[in-house]
Every structure is written in C-alpha cells, then in structure tokens.
Amino acid sequence: MQLFNRRNTAEEDIYKRLSFDPEKDTLLDEIALARRQLDDAYNNFQNASDPDLIDCYIYEGNAAWKRYRFLLKQARML
C-alpha cells in the first residue's frame, strides 16, 4: 500500500524549474542568489557569538555551498 503518490522526484522538479532559458536567464539569477546566500551565511558566521547561531550559520553555509556547486554544474552542462 502506497500512502503518497509521487509523480516526479524532487531532482526532476528542480531540473525543470532551473532549466536554462536564454530570454529569462533564470539559471544565472539562481547562481547569483546562491552566491549571495553563501556570502551572507559566511558574514553572519563571522559575527555570531552564540553557539546555536554559529551552528545555524554553519548549516546555512553548507547548504548554500552545495546549492551553488549544483547550479554551477548545471551551467557547465549547458
């Protein structure tokens, strides 16, 4: 018995959402956004003093870095 029907995997959805459209430059915008998020997480980490906030910014930085690398791979494939 299957509780939830899944049509597409999350990976397929993100490929469709981030597919390159030369008129919209969505992939380039997403790369710039990911870079800003990475910089923000690094700057916040540098200014944090609470151990919980430090952990939070480490996780945010790691997530932003992985997203940034993923988007760069997508751009290279084009």
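How are Trp65 and Tyr68 separated in helix 3?

Author: The model discussed here is predicted. Trp65 and Tyr68 are 3 residues apart in helix 3, which spans residues 51-77, and so about one helical turn separates them.

The protein chain has 3 helices and 0 strands, and its elements follow the order α-α-α from the N terminus on. Of the 78 residues in the protein chain, 18% are buried.

The two side chains may now be taken together. A pair of aromatic rings is described by two quantities, the distance of the centres and the angle of the planes. For rings to be paired, their centres must lie within 6.5 Å. By this rule the count is 1 aromatic pair. The ring centres of Trp65 and Tyr68 are 6.1 Å apart and their planes stand at 35°, so the pair is tilted. The reasoning rests on the cut-offs: planes under 30 degrees apart would count as stacked and those over 60 as edge-to-face, and the rest are tilted.

Tyr68 has a relative accessible area of 16%, and because buried means under 20%, Tyr68 is buried.

Tyr68 has a further neighbour to be noted. Arg35 lies over the face of the Tyr68 ring, at 5.9 Å from the ring centre.

The packing of the helices comes next. Helix 2, residues 26-47, packs with helix 3 at an angle of about 155°, and their axes are 8 Å apart. Since angles over 145 degrees count as roughly antiparallel, that angle makes helix 2 roughly antiparallel to helix 3. The crossing of these two helices is left-handed. Sorted by class, the residues in the contact of helix 2 with helix 3 are 16 nonpolar, 4 polar and 4 charged.

One further residue of helix 3 deserves mention. Asp55 has its place in helix 3, and with a relative accessible area of 40% Asp55 is partly exposed. Asp55 and Phe45 are 10 residues apart along the chain, and 8.6 Å separates their C-alpha atoms.

To return to the request: the two aromatic residues are about one helical turn apart in helix 3, and their rings form a tilted pair.

Key:
Residues are numbered from 1 along each chain as its sequence is written. This is a predicted model: local features need pLDDT of at least 70, side-chain atom pairs count only at pLDDT 80 or more; totals for chains, interfaces and linings use all residues. Side-chain values use heavy atoms; hydrogens and water are left out. Rings of Phe, Tyr and Trp (its six-membered ring) pair if their centres lie within 6.5 Å; planes under 30 degrees apart count as stacked, over 60 as edge-to-face and the rest as tilted. Helices (H or I, at least four residues) and strands (E, at least two) are DSSP runs, numbered from the N terminus. Buried means under 20% relative accessible area, exposed over 50%, partly exposed in between (1.4 Å probe, protein chains only). A charge sits over a ring if NZ of Lys or CZ of Arg is within 6 Å of the ring centre and within 35 degrees of the ring normal. Axes are lines fitted to C-alpha atoms, for helices over the stretch in contact, and angles run from 0 to 180 degrees between N-to-C directions. Angles under 35 degrees count as roughly parallel, over 145 as roughly antiparallel, 65 to 115 as roughly perpendicular and the rest as oblique. A crossing is left-handed if the near helix is turned anticlockwise from the far one by less than a right angle, and right-handed if clockwise. Ala, Val, Leu, Ile, Met, Phe, Trp, Tyr, Cys and Pro count as nonpolar, Asp, Glu, Lys and Arg as charged, and the others, Gly among them, as polar.
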